[in-house]
Amino acid sequence: MNPWGVDCNEFVEMVTEYLEGTLGEDDRVRFEQHLTMCGSCRDYLEQIRLTLRATGKLRTEDVPAEGMEPLLKVFRKWKQGRS
Amino acid sequence: MSVNTGGEAGTRDPRRADSGGPGGTTAEELALVEGLRHGDEDAFLTLVRRYQALLKRVARMYVRTDAVADEVVQETWLGVFEGIERFEGRASLKTWVVRILMNRARSRGERESRMVPFSALAAEEAGRSDPAVPAERFQDAARNYPGHWSVPLPRWGDEPEKWVISLETLEYLRGAIEQLPSAQRTVVTLRDEQEWTAEEVCEALGITEANQRVLLHRGRSKLRKALEARYEARGARP
């Protein structure tokens, strides 16, 4: 038994499965055991979470109004073409 | 002009024939689909408002200029009109539309081999050895704690939450996403920027759950590494 649960180099490869909730029960327990013991790995997991949060901020929803007109033209032309 | 909406987007996935995809199509989406079939402009405008930014974003990952991306998106809508009669509601509308876009964008693609199916590209990237953190950052067998950090992981200052979402860091992050290998870039963008579920990403890209997860892992790990490098270099910048 590894007293650390897992080693740090294993931990960093398990992070995504941990966050996705797809780690098996044994692995999850070992992962969380390591988490309680290792400050650097706690920071690592936190940095991955921060990375996700920042990536989410990049999302934009705006559709410029001038972009609608050419699309409506395509739509109307298609409508005409099939009737 | 003849538009090919076929390929991956038009064909049924036999593995999912009964499951209806991630949630399948909602009643509200089906009403929009019905509207589109009848040439209802409001239904079309609703869909444009909902998906245009997403489509442009995904297209832009595969072509070099905004102008070409706009063309690809326009072709995608035409593909949607042409294919809407055959849309069966097995996939969610969003993943169906994005599959059409992916086929169009990749056939115009200027950044990668256009002949390779996305699933093959994904398998290739997932199959490579690509550690989340370089091996040299961990102690080797000759040291006291093999496999543990050689030096403690550097933190991103006292207020990492603030630093990471500063405009400057976000700008840098956007560039780092652009630099990711193609399949990782696509998965990270859909999962973490567009906040799709794993199931939706698998459905739209035609990749396995295992490969989706590996690509997400590789992509996220590289972005963390890039942010770390950015933080370390902050003093060196003017």
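Helices, as the word is used here, are DSSP runs of at least four residues, numbered from the N terminus. Read along the sequence, chain A follows the pattern α-α-α-α, that is, four helices and zero strands.

Turning to contacts in chain A between residues at least 6 apart in sequence, 55% join residues at least 24 apart.

Now for the partner. Chain B is also built from helices, with 11 of them and zero strands. In chain B, 42% of the 238 residues are buried. If you look at its contacts with a separation of 6 or more, 70% come from residues 24 or more positions apart.

How far can you trust what you see? The model as a whole scores ipTM 0.90 and pTM 0.85. For chain B the mean pLDDT is 87, with 86% of the residues at 70 or more. Where pLDDT is low, the predicted coordinates should not be read in detail.

Next, see how chain B is divided. The domain assignment gives domain 1 as residues 7-107 and domain 2 as residues 118-236 of chain B. Taken over C-alpha atoms, the centres of these two domains of chain B are separated by 28 Å. Where they touch, domain 1 of chain B brings 14 residues and domain 2 of chain B brings 11 residues. On the domain 1 side, α3 (41-60) and α5 of chain B each supply at least two residues, and α5(B) gives the most, with six residues. By type, that side of domain 1 of chain B divides into six nonpolar, three polar and five charged residues.

For a closer look at one helix, find α6 of chain B, residues 118-127, whose buried residues are F118(B), L121(B), A122(B), E125(B) and A126(B). Why do these residues sit on the same side of α6(B)? They cover an arc of only 130° around the axis, and that places them on the same side of α6(B).

Finally, bring the two chains together. Their contact takes 38 residues from chain A and 42 residues from chain B. On the chain A side, α1 (8-20), α3 (39-56) and α4 (68-82) of chain A each supply at least two residues. The largest share of that side comes from α3(A), with 13 residues. The residues of chain A that touch chain B divide into 15 nonpolar, 11 polar and 12 charged.

Methods
Residues numbered from 1 in each chain as written. Chains lettered and ligands numbered in written order. Predicted model: local features only at pLDDT ≥ 70, side-chain atom pairs only at ≥ 80, totals over all residues. pLDDT = per-residue confidence, 0-100. Buried ≥ 20, exposed ≤ 12 C-beta atoms within 10 Å, placed from the backbone. Arc of directions from axis to C-beta. Contact = placed C-beta atoms within 7 Å. Nonpolar A, V, L, I, M, F, W, Y, C, P; charged D, E, K, R; others polar. Domains from an automatic or database assignment.
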